[in-house]
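Have a look first, then dig in.

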Amino acid sequence: DTEKVWAALDDPTRHVVVQTAPSVRAALGEEFGLPIGTNVQGKMVAALRRLGFDGVFDTDFAADMTIMEEATEFLHRMKEGGPLPLITSCSPGWVRYCETFHPDFIPNLSTCKSPQQMFGAMAKSYYAEKMGLRPEDIFVVSVMPCTAKKFEITREGECGAGAGIPDVDVALTTRELAKLIRYVGLDLS
């Protein structure tokens with residue numbers, strides 16, 4: 001999906017932001033020959049800015065929001081007698097597995113968006129408002145360790161900003177991010 005990202009970065013009408021999952025900062029260096037687990041957060045952020053992203057964000061913020069929402073949902077279910085146990089909806093692979101092989105547990109899944117999707121929804125609502133941008137002009141890229149995140153952005157109901165605008169426009173893997181960085185001649189090592 002790197003071509004979609006380049007097209008967005010080359011489009012002057014787009015405000016392109018990226019969110020990175022925490023594990024990316026510990027896995028990306030390996031793509032450039034650094035020891036496994038090397039934290040390249042600063043180098044990664046600098047590289048993302050040099051690639052042309054207008055905003056660089058850490059998905060940790062959205063994970064905190066998701067935790068708060070899931071805790072609120074849990075308390076509501078405890079008080080009102082909802083289905084328990086409450087099972088997180090943060091992993092699209094797990095959600096799909098549940099839907100396919102254990103549909104009897106679907107009522108136990110949290111109704112909260114995953115951190116990836118929650119960030120996208122916030123970027124195209126709260127962030128758009130704060131920056132004076134139209135949600136449809138914001139292009140959200142996520143860099144995630146799991147290829148199931150590519151599937152998640154296409155799921156029905158993942159258009160939180162309204163009018164059919166997806167929360168997240170492109171989900172990249174760590175290796176795809178390395179490909180973007182290499183393409184412009186940067187070397188994290």
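Q: In which helix does glutamate 176 lie?
A: Keep in mind that this is a predicted model. Going by the helix assignment, the residue belongs to α8, which spans 174–183. So the helix holding glutamate 176 is α8.

Q: Does glutamate 176 count as buried or exposed?
A: The cut-off for buried is under 20% relative accessible area. Glutamate 176 comes in at 15%. Since that value falls under the cut-off, glutamate 176 counts as buried.

Q: Which backbone nitrogen does the side chain of glutamate 176 reach?
A: Leaving out residues up to four places away in sequence, glutamate 176 touches Asp1, Thr2, Lys150 and Ala171. Its side chain also gets to a backbone nitrogen at 2.8 Å. That nitrogen belongs to threonine 173.

Q: Which residues does phenylalanine 53 touch, not counting residues up to four places away in sequence?
A: Phe53 is one of the residues that touch the most other members of the largest nonpolar core, a group of 27 residues. α1, β1, α3, β3, β4 and α8 each supply at least two residues of this core. The contacts of phenylalanine 53 are Val5, Leu9, Val16, Val17, Val18, Leu48 and Val141.

Q: How many disulfides does the structure hold?
A: A disulfide needs two cysteine sulfur atoms within 2.5 Å. For cysteine 98, the closest cysteine sulfur is in cysteine 90, 14 Å off and too far for a bond. Cysteine 146 is in no disulfide either, with the sulfur of cysteine 90 nearest at 12 Å. The number of disulfides in the structure is zero.

Q: What is the relative accessible area of cysteine 146?
A: Cysteine 98 counts as buried, at 0% relative accessibility. Cysteine 146, on the other hand, is partly exposed. Its relative accessible area is 33%.

Notes
Residues numbered from 1 in each chain as written. Predicted model: local features only at pLDDT ≥ 70, side-chain atom pairs only at ≥ 80, totals over all residues. Heavy atoms only, no water. Core = buried A, V, L, I, M, F, W, Y, C linked by side-chain atoms within 4.5 Å. Buried < 20%, exposed > 50% of the residue type's maximum accessible area, 1.4 Å probe, protein only. Helix = DSSP H or I, 4+ residues; strand = E, 2+ residues; numbered from the N terminus. Contact = heavy atoms within 4.5 Å. Polar contact = N/O pair within 3.5 Å; in protein donor to acceptor, adjacent residues only side chain to side chain.
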